[in-house]
Amino acid sequence: MISLLISFAVLIVGYLVYSKITEKVFAPDDRETPAIAINDGVDCVPMKRWKAFLVQLLNIAGTGPIFGALMGAVFGPIVFLWIVFGSILGGAVHDYMSGMISSRHKGASIAELSGTYIGKVAKWIMRVFSVVLLVLCGTVFVTSPAALLDRLTPDWMNGTFWAIVILVYYLLATLLPIDKLIGRLYPIFGVLLIVMALSVIGGIIFSGNEYPLPEISFENLQPNGIPVWPYMFITVACGAISGFHATQSPMIAKCIKSEKEGRSVFYGAMIAESVIALVWAAAGVSFYGTTQLLNEALANGASNVVYEISTGVLGVFGGILAVAGVIVCPITSGDTAFRSARLILAETFHLDQKKIKNRLLITIPLLVVGGLLTWFAIVNDEGFEIIWRYFSWSNQTLAMIALWVSSAYLLQKGKSRFGSLITALPAAFMTAVSVTYILMSDEGFRLNQTIAYTVGIVVAIIFLSTYLVALYHKAKGQPVKPQLKRR
């Protein structure tokens, strides 16, 4: 229990201290945000700070910090360290910079920002990469809540039934102005999400030591011997650092009324999500007792694990409350995943989104593809796991790119060496993670571990060294390489 309490405390201190350092590096000012300057009544709509925070939290806190944290807990309590420090030093910085840079570019997507600060080729790569990731994300966030609802409802309301219902809701959430559906429902769902997390951890802590909480250890307890590096850092994404957030932050960047709200909205929401991830990582190990038993339970599906923990710790009523919270999490990220994909495609093809026909022109094909992938996940026993693995790697690779985009922005703006490194160092770290994983994983090239480790580290060093050289020239007042100039 001590390790968990310390982890919560470090997250709070991280927000109070490191968020202010991050804010100082970016230097928000009094310029008008898109919500004020554009205010189109559809996507750029002013929101109160507390509402923007809850919408951002629900946007990013999908299945990832719950299912991902449970799967990451199979490695043992070492996952606590990644969730805490990954969030403070990487994930929250990533979310803040993605949102704030977008705000200064009229709410532009991460794809457009990539083109602005890295180059046209990067922009087109990121357009394709982002849309693919968002569709995969939306699919993941259909199948997982549908499976849980299947457990709680009569037999005729099976997974297929609920998948269709969720997709219909996604259609409405993607099309309607952000303040008409998302802006009204999310604050309610946000309260439910917070109550759910508090209920689960409270039930465990006050169980009379029936579910002893694990203490932090550097030992790899993964039953199948899967190495911590890089697998744990890919598995636990949304609770530590997630590229998906770079597609969501620009959405709320269109809604904040002042740049000075960004620290609490973007950085704060990421820290709150990490608290949720810590709750479920701790619950997974403490409820089943060992990582071996947790791993065996996960073989029957992460949704079943959530159901067993919730009902086991809180009983029938509390379990339904907790499961309802877990259902809300993915649904409220899936809808905004498709909404973000719509906005990126609208930017790409220059389609005015004030017109409902233009929104339909993009939304319908997106949901058709999402529906087909959902069908694949439902009829295929390993469908969800396959989609999740590709989503996880794509997710972390996008985080890597978003951090390099942020680093290029800070470089161009002439920030201090320390200021630039606040994003460059986590960018290099995520470069090593993503490259190593795709080289050695079953979904990738299946290379020897030694080769994958070596290449991953070397590529990260090359990227970071290139950036440091550019930073040095910038400090000396010499021209920076063209690819780092704004286009």
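What follows is a chat about how some labels on this predicted model were reached.

Trainee: What should I keep in mind before reading the values?

Mentor: This is a predicted model, so local features need pLDDT of at least 70 and side-chain atom pairs count only at pLDDT 80 or more, while totals for chains, interfaces and linings use all residues. Residues are numbered from 1 along each chain as its sequence is written, and side-chain values use heavy atoms, with hydrogens and water left out.

Trainee: Why is C255 called buried?

Mentor: Buried means under 20% relative accessible area, with exposed over 50% and partly exposed in between (1.4 Å probe, protein chains only). C255 comes in at 0%, so buried is the label. C238, at 2%, is buried too.

Trainee: And what makes T291 buried?

Mentor: Its relative accessibility is 9%, so T291 counts as buried. T291 is in helix 13 (residues 291–298); helices (H or I, at least four residues) are DSSP runs, numbered from the N terminus. Leaving aside neighbours within four places in sequence, T291 is in contact with A73, V74, G76, L221 and P223, where contact means heavy atoms within 4.5 Å.

Trainee: Why is the pair of Y169 and Y170 called tilted?

Mentor: Rings of Phe, Tyr and Trp (its six-membered ring) pair if their centres lie within 6.5 Å; planes under 30 degrees apart count as stacked, over 60 as edge-to-face and the rest as tilted. Here the centres are 6.1 Å apart and the planes sit at 55 degrees, so the pair is tilted. Y169 is buried at 16%, and Y170 is buried at 0%.

Trainee: What makes W404 and Y467 a tilted pair?

Mentor: Their ring centres are 6.0 Å apart with planes at 55 degrees, so tilted it is. This pair links distant parts of the chain, 63 residues apart: W404 in helix 16 (residues 383–412) and Y467 in helix 18 (residues 449–475). W404 counts as buried at 11%, as does Y467 at 4%.

Trainee: How do you know that the charged end of R127 sits over the ring of W124?

Mentor: The rule wants NZ of Lys or CZ of Arg within 6 Å of the ring centre and within 35 degrees of the ring normal. The charged end of R127 is 4.4 Å from the centre of the W124 ring, and it is listed as sitting over that ring.

Key
Helix = DSSP H or I, 4+ residues; strand = E, 2+ residues; numbered from the N terminus.
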